[in-house]
Amino acid sequence: MNKLYGVSAGLVAGLFSVLFLNELFKCLIASCFVDHPQLFLSGIHLSMNINFSGLSFFRILLIIISPLLFSIIMVEISSLIMKKLEKEFIRLNLLIFMFVNIGYLIFNILLGILALILKSTYTNDWGRFLESSGFTYNQKLVFMLF
């Protein structure tokens, strides 16, 4: 029963991080470059509406990859904490938390690649960024795969 609580706690913490904290971090980064970024609740997660016009390429890129950087930072912090602890409950909690964040990273990047390859009308942050970049189709593919 103790393992079930560890898995549940890790899953809840990971989902909270992915659904809310990543977008809050993105909003914090965006507020450095844009006046009043708008956060709103979209379904079960936070979303942000940003107007990319007038921003430089690197500022847009920093805003777009900030949730990914936050997830990477959270995974690294979790692994550092896991090395120090010996309690099985917290280690299991951190392991599930790390899996959720790594899954978010993989899903986010693969979604951007698939939307680009299939020339989907689904527009996420990656799609809006690539549209504003002025890259050719081949350059967009190389960028997303990189």
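This is a predicted model: local features need pLDDT of at least 70, side-chain atom pairs count only at pLDDT 80 or more; totals for chains, interfaces and linings use all residues.
On the H4 side the contact is formed by Trp126, Phe129 and Leu130, which meet Lys140, Phe143 and Met144 of H5. By class, five of these residues are nonpolar, none is polar and one is charged.

**Overall architecture**

The protein contains five helices and two strands. Along the sequence, these elements follow the pattern α-β-β-α-α-α-α. Taken along the principal axes, the C-alpha atoms fill a box of roughly 55 × 35 × 30 Å.

**Packing of H3 against H5**

Helix H5 also packs against H3, at an angle of about 165 degrees and with the two axes 10 Å apart. H3 and H5 are therefore roughly antiparallel to each other, the angle being over 145 degrees. Their crossing is left-handed. H3 contributes Ile109, Gly112, Ile113, Leu116 and Ile117 to the contact, and H5 contributes Tyr137, Lys140, Leu141, Met144 and Leu145. The residues of this contact divide into eight nonpolar, one polar and one charged. Lys140 and Met144 of H5 take part in the contact with H3 and also in the contact with H4.

**Packing of H2 against H4**

The axes of H2 and H4 come within 11 Å and cross at roughly 165 degrees. That angle makes H2 roughly antiparallel to H4. H2 passes H4 in a left-handed crossing. From H2, the residues Phe57, Ile60, Leu61, Ile64, Ile65 and Leu68 make the contact, and from H4 the residues Asp125, Trp126, Phe129, Ser132 and Ser133. By class, the contact of H2 with H4 comprises eight nonpolar, two polar and one charged residues. Trp126 and Phe129 of H4 belong to this contact and also meet H5.

| Helix pair | Axis separation | Crossing angle | Handedness |
|---|---|---|---|
| H3 and H5 | 10 Å | about 165 degrees | left-handed |
| H2 and H4 | within 11 Å | roughly 165 degrees | left-handed |

**The second largest pocket**

About 280 Å³ of space lies in the second largest pocket. The lining of this pocket consists of Leu61, Ile65, Leu68, Leu69, Ile109, Ile113, Trp126, Phe143, Met144, Leu145 and Phe146. Helix H2 (57–84), helix H3 (88–117) and H5 are the elements that each give two or more residues to the lining. The largest share, four residues, comes from H2. By class, the lining has eleven nonpolar, no polar and no charged residues.

Leu61, Ile65 and Leu68 line the pocket and are among the residues of H2 that touch H4. Ile109 and Ile113 likewise line the pocket and belong to the H3 side of the contact with H5. Trp126, Phe143 and Met144 are lining residues that also take part in the contact of H4 with H5.

Conventions: Residues are numbered from 1 along each chain as its sequence is written. Side-chain values use heavy atoms; hydrogens and water are left out. Contact means heavy atoms within 4.5 Å. Ala, Val, Leu, Ile, Met, Phe, Trp, Tyr, Cys and Pro count as nonpolar, Asp, Glu, Lys and Arg as charged, and the others, Gly among them, as polar. On a 1 Å grid over the protein atoms alone, a cavity is a set of points where a 1.4 Å probe fits but cannot get out, and a pocket is an open set with protein on both sides within 12 Å along at least five of seven lines; lining residues have an atom within 4 Å of a point. Grid points are joined across faces, edges and corners, and a volume is the space filled by probe spheres set on the points. Axes are lines fitted to C-alpha atoms, for helices over the stretch in contact, and angles run from 0 to 180 degrees between N-to-C directions. Angles under 35 degrees count as roughly parallel, over 145 as roughly antiparallel, 65 to 115 as roughly perpendicular and the rest as oblique. A crossing is left-handed if the near helix is turned anticlockwise from the far one by less than a right angle, and right-handed if clockwise.
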